[in-house]
Amino acid sequence: MSAHLSYTHQEMMAVVTGRELKDGELAIFGVGLSMLAGYFAQAHHAPSLRTMTEGGVYGSTPVGGLPWGIECNRISSNATSFTNAIDALGCLVASGRCDVGIIGAAEVDKYGNVNTTGIWNGEIGETYTAPKKRLTGAGGANDIASGAGRVIIMVTHELKRFSEKVSYISSPGYLEGGNARDRYGFVGGGPSAIITTLGILRPDPNTKEFELDSYYPFSSVDEIRLNTGWDLKVSPNVHVVPDPTEQELAALRKVDETGMLRKN
Amino acid sequence: MDQSKLISLSEAVDRYVIDGMEYASGAALPIGSDAVIFGREILRQNKNNLHAIFHCNSQQLNLLAAAGAVKKVECGFSGLEVFGFANGLGRKVESGEVALEDYSNLAMALRLLGGAMNWPFVPATVNIGSDIEWRSAFSPEEYPAKHKIPSVTDPFSGRQIGAFKPLKPDLAAIHVSMADERGNAIMLGTEWSRFELSRAAKKVILIADTIVDTDCMRQYPNLVRIPDVIVEAVVYWPFAAWPQSSPGLYDVDEAHMRLMNKALATEEGTTNYVRDYVNAYSDIKSYLDLIGKENIEKLSHSETSFLLDPFRKWIKTPEEIAKRSRGASV
């Protein structure tokens with residue numbers, strides 16, 4: 001951690017995710033921490049970021065802290081347009097118009113496939129059995145993973161969440177790697193980064209296997225490899241990501257008024 | 001001719017909900033506009049064995065599943081957004097008592113559109129290439145599943161895509177901010193897939209937080225996304241989405257969202273919740289008392305309140321509504 005700034009791992013993850021978003025892009029955020037990362041980018045370095053949520057809520061920013069959901073008063077009090085699911089996820093995402101999406105993951109694998117459906121503790125097998133723990137299902141993340149130009153996966157870096165192969169693909173990454181996505185003709189390009197509480201993973205351009213691209217001032221290559229459930233390759237150019245600046249933290253905390261990113 | 005379709009909540013459930021039917025609601029997002037009160041009444045009348053079609057889970061589905069009224073579910077998102085996993089639905093899926101067929105949020109909206117259009121199928125460019133395509137809770141032995149999202153060839157490009165099965169629920173209970181007595185409705189906030197659902201369902205009942213004069217609809221016809229010609233009945237019930245939010249009218253009740261989801265995590269908690277918050281009121285007044293006067297004031301004092309301002313002058317009083325209702329007052 002830097003000498004004069006104190007911030008949480010989750011805040012670092014949100015800032016680093018926000019840095020991936022460029023001014024002028026059309027971006028879609030899921031509910032939760034990804035929304036904070038996205039609106040942070042807009043508040044800090046991408047004022048012309050065109051933001052939307054899958055509910056078809058346009059033109060709004062969070063008021064009074066992290067919205068509880070897409071219909072929450074915290075995101076519905078300054079919108080300029082309310083539409084619907086087919087419009088947001090269909091006309092603007094499935095169409096290929098959306099540049100970038102941010103999604104979360106309960107479990108992610110070496111090819112960036114995401115599981116948010118259930119915990120089975122390993123392979124499900126031939127018969128589809130009930131999960132040990134039922135999660136939220138795909139929601140709009142499958143649509144974003146299929147259609148957005150690129151996808152950023154935000155996930156807490158824990159061994160149980162980083163598997164060689166996810167039990168259930170709720171939202172497709174690069175499937176079994178290489179050009180496997182081509183079989184399905186997805187209009188979206190797939191995940192460009194997995195941004196975690198410990199570092200950034202990016203896909204190899206050919207194999208599409210995710211490798212360690214960079215880590216944080218408070219983490220290390222060893223710590224990240226220990227918390228990854230496959231033999232994580234390390235990029236020859238692996239480097240340390242700079243601390244959040246004072247301006248970044250101030251912008252993030254303004255969006256995260258209720259301190260959701262500072263709770264753990 | 002009397003054009004009023006206003007009926008009581010109990011009459012609506014008694015008349016339109018049939019055991020084993022395909023029942024749709026929740027065509028809004030998980031913590032927003034949903035006819036949660038309709039689900040409470042379904043439990044009060046012991047309807048069961050429902051096949052629930054919910055674009056997204058809501059506290060209504062969470063409650064119906066927890067209390068054992070639902071056997072099958074088709075859903076795009078089964079959580080409660082920032083409030084976490086839906087404990088009632090989740091534990092019934094884990095125990096195998098409820099078969100939950102997963103789709104994505106776009107898929108559910110497209111399937112409703114397909115039903116509305118009477119299409120034979122809807123081309124699927126999402127959900128393919130994932131376990132949503134390959135795994136079916138309704139045919140668990142079949143892997144990869146062949147009948148859930150079967151492959152079809154795009155006749156123009158020759159490319160292999162999927163086919164979604166259209167949805168035509170037997171009944172839809174749709175929550176709206178405002179309805180007139182004839183069944184014209186205005187929704188504030190995202191409509192999510194309530195437009196498509198209103199056209200896909202065989203029968204539509206509106207559950208409205210407020211009843212407005214038809215002059216309101218004439219002033220804002222562009223905003224009337226559900227017209228009376230497709231509506232069977234209108235139920236007036238303030239705070240119908242509670243503890244969820246209704247943009248323009250009230251905020252999400254954070255404390256009750258948590259209390260409810262915690263209760264639904266166990267059988268005992270569910271029994272107690274049903275006793276305390278489903279069977280504990282006898283009319284609108286006692287329902288509002290249950291929410292609490294101070295709480296109602298707080299929840300009504302919403303950042304979104306201004307959204308209702310253009311419509312306020314047409315809102316009818318409970319006395320005016322009672323005069324236009326058919327049948328019993330609750």
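A residue counts as buried if 20 or more other C-beta atoms lie within 10 Å of its own, exposed if 12 or fewer, and partly exposed in between, with C-beta atoms placed from the backbone. By that rule, 58% of the 264 residues of chain A are buried.

Welcome to this predicted model, in which local features need pLDDT of at least 70, side-chain atom pairs count only at pLDDT 80 or more, and totals for chains, interfaces and linings use all residues. Residues are numbered from 1 along each chain as its sequence is written, while chains are lettered from A and ligands numbered from 1 in the order in which they are written.

Let us start with chain A. It holds seven helices and 15 strands, where helices (H or I, at least four residues) and strands (E, at least two) are DSSP runs numbered from the N terminus. The radius of gyration of chain A, 18 Å, is close to the 18 Å that the globule rule gives for 264 residues, so chain A is as compact as a globular protein of that length. That radius is taken over C-alpha atoms, and the rule is 2.2 Å times the number of residues to the power 0.38.

Next comes a helix pair in chain A. Helix 1 (residues 9-19) of chain A packs against helix 2 (residues 33-44) of chain A at an angle of about 55°, and their axes are 8 Å apart. Axes are lines fitted to C-alpha atoms, for helices over the stretch in contact, and angles run from 0 to 180 degrees between N-to-C directions. Among the residues that meet are A:Ala14 and A:Val15 in helix 1 of chain A, and A:Leu36 and A:Phe40 in helix 2 of chain A; contact means C-beta atoms, placed from the backbone, within 7 Å.

|---|---|---|
| Helix 4 (residues 87-94) | seven of eight | B:Gly96, positive, near 85° |

Helix 4 of chain B is largely enclosed by the rest of the structure, because seven of its eight residues are buried. Its cover includes strand 9 (133-134) of chain A, together with helix 3 (59-66) and helix 9 (254-263) of chain B, among others. For helix 2 of chain B, the buried residues include B:Phe38 and B:Arg40, and the partners they pack against include helix 1 (9-16) and strand 8 (171-179) of chain B.

Methods
Contact = placed C-beta atoms within 7 Å.
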